[in-house]
Amino acid sequence: QPPYPGYANNTITNQGTLIIENATIENKTSKGGASYVIDNYAGANLTINEGAVLTQSGGDIAIRMFNGGSGAINVTINGGEISGYRAVWIQLASNAPAVAPIMNLTINNPALDSDGYAYAGLFGITEGEAGKENVITNLTIENVTINTTGAIAAAAIAYPYYTTLENITVCGDIAIKGGDYTSGALAYTRRCVDAKNITVSGNDGSYITGANTVGGVISDIQTNGGIVANYSNFSVSGVTITGAKKVGGISGIICNQTLNGATVKNVVLVSSDAHVGIVAGADGGNYVLNDATYSNVTGATELVGASY
């Protein structure tokens, strides 16, 4: 409640240790792009055990992690629901090389909801820039639910913009439903710099459902801004992948890029369109695919689907 900090309407500003046990915390205010349910600063520790952290319908950000470089922020989410335009926003205070903040985020059994906006995922957008790329490594997301009507949805990162990724795993009970550009781990990746060792492994009944351009691991493997990425060792297993067009076990599209290492096992592909493939749904041309293996895949017979 008021008085709010001058920069935003926060329900809670956390600079110490906060533990939430099976409670609901909601922010029903709006201040443009700056309304946070829980705003965590350097040195803050937040643990959520079930319950919910919610913004108003069409609202802003549920949890922000903002670190100016003095003291790590630790956020642990054990189940429950985190709902907002962005569920969790990790924001650096500066691009200066001298500022090297540590922000640790652990997610167990999350349910991530979006009000139909684009960029639904644990990270909506990782917003780097050329020469100052984000680096995300050793991230595991287990038992994830995403339900949105918006485009660009994935369990880990919806839009990895100028970002390098390594050792990303999505596993357990996977239930992802979105619009165009929906996938298991990474969605709209046209300015992703590098990604390697990305795994999606679902239990029985797991699914990834989208509209157009749907992949088990990554929604599309394409270029934008002249970036030629290093993509390697993508794997998917134990999921049903459904879409209207451009549906693939690994990616909905492959075009103007190289993928070194693709494994598809125990996957069902569902699409009535010709753009469906074991590894990639649609062939955009000028791609290289090395070391692709698959077993027990239904719904496609070609590694890469029809050209477009």
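What percentage of the 308 residues in the protein do buried residues make up? The share is 52%, where buried means under 20% relative accessible area, exposed means over 50%, and partly exposed lies in between (1.4 Å probe, protein chains only). The model is predicted: local features need pLDDT of at least 70, side-chain atom pairs count only at pLDDT 80 or more, and totals for chains, interfaces and linings use all residues. Residues are numbered from 1 along each chain as its sequence is written, and side-chain values use heavy atoms, with hydrogens and water left out.

**Figure 1. Overall view of the protein.** The protein contains 29 strands and zero helices; helices (H or I, at least four residues) and strands (E, at least two) are DSSP runs, numbered from the N terminus. Of the contacts with a separation of 6 or more, 81% involve residues 24 or more positions apart, a contact being heavy atoms within 4.5 Å. The accessible surface is about 12100 Å², and carbon and sulfur atoms contribute 45% of that area (Shrake-Rupley method, 1.4 Å probe; for residues, only the protein chains shown count as cover).

**Figure 2. The aromatic pair of Tyr 36 and Trp 89.** Eight aromatic pairs are found in a search of the whole structure. The ring centres of Tyr 36 and Trp 89 are 6.4 Å apart and their planes meet at 50°, so this pair is tilted. Rings of Phe, Tyr and Trp (its six-membered ring) pair if their centres lie within 6.5 Å; planes under 30 degrees apart count as stacked, over 60 as edge-to-face and the rest as tilted. The pair links distant parts of the chain, with Tyr 36 in strand β4 (residues 35-40) and Trp 89 in strand β10 (residues 86-92), 53 residues apart. Both Tyr 36 and Trp 89 are buried.

Figure 3. The rings of Tyr 159 and Tyr 161 have centres 5.4 Å apart and planes at 85°, so they form an edge-to-face pair. Tyr 159 is buried at 11% relative accessibility, whereas Tyr 161, at 23%, is partly exposed. Ring pairs join Tyr 119, Tyr 159, Tyr 161, Tyr 162, Tyr 181 and Tyr 188 into a cluster.

**Figure 4. The parallel open sheet.** Four strands, in the order β17-β20-β24-β27, form an open sheet with parallel pairing; two strands pair if DSSP finds at least two bridges between them. At the edges, β17 (182-183) and β27 (276-277) each pair on one side only. Strand β20 (residues 212-215) is joined to the parallel strand β24 (residues 245-248) by three bridges. Val 214 stands opposite Val 247 in β24.
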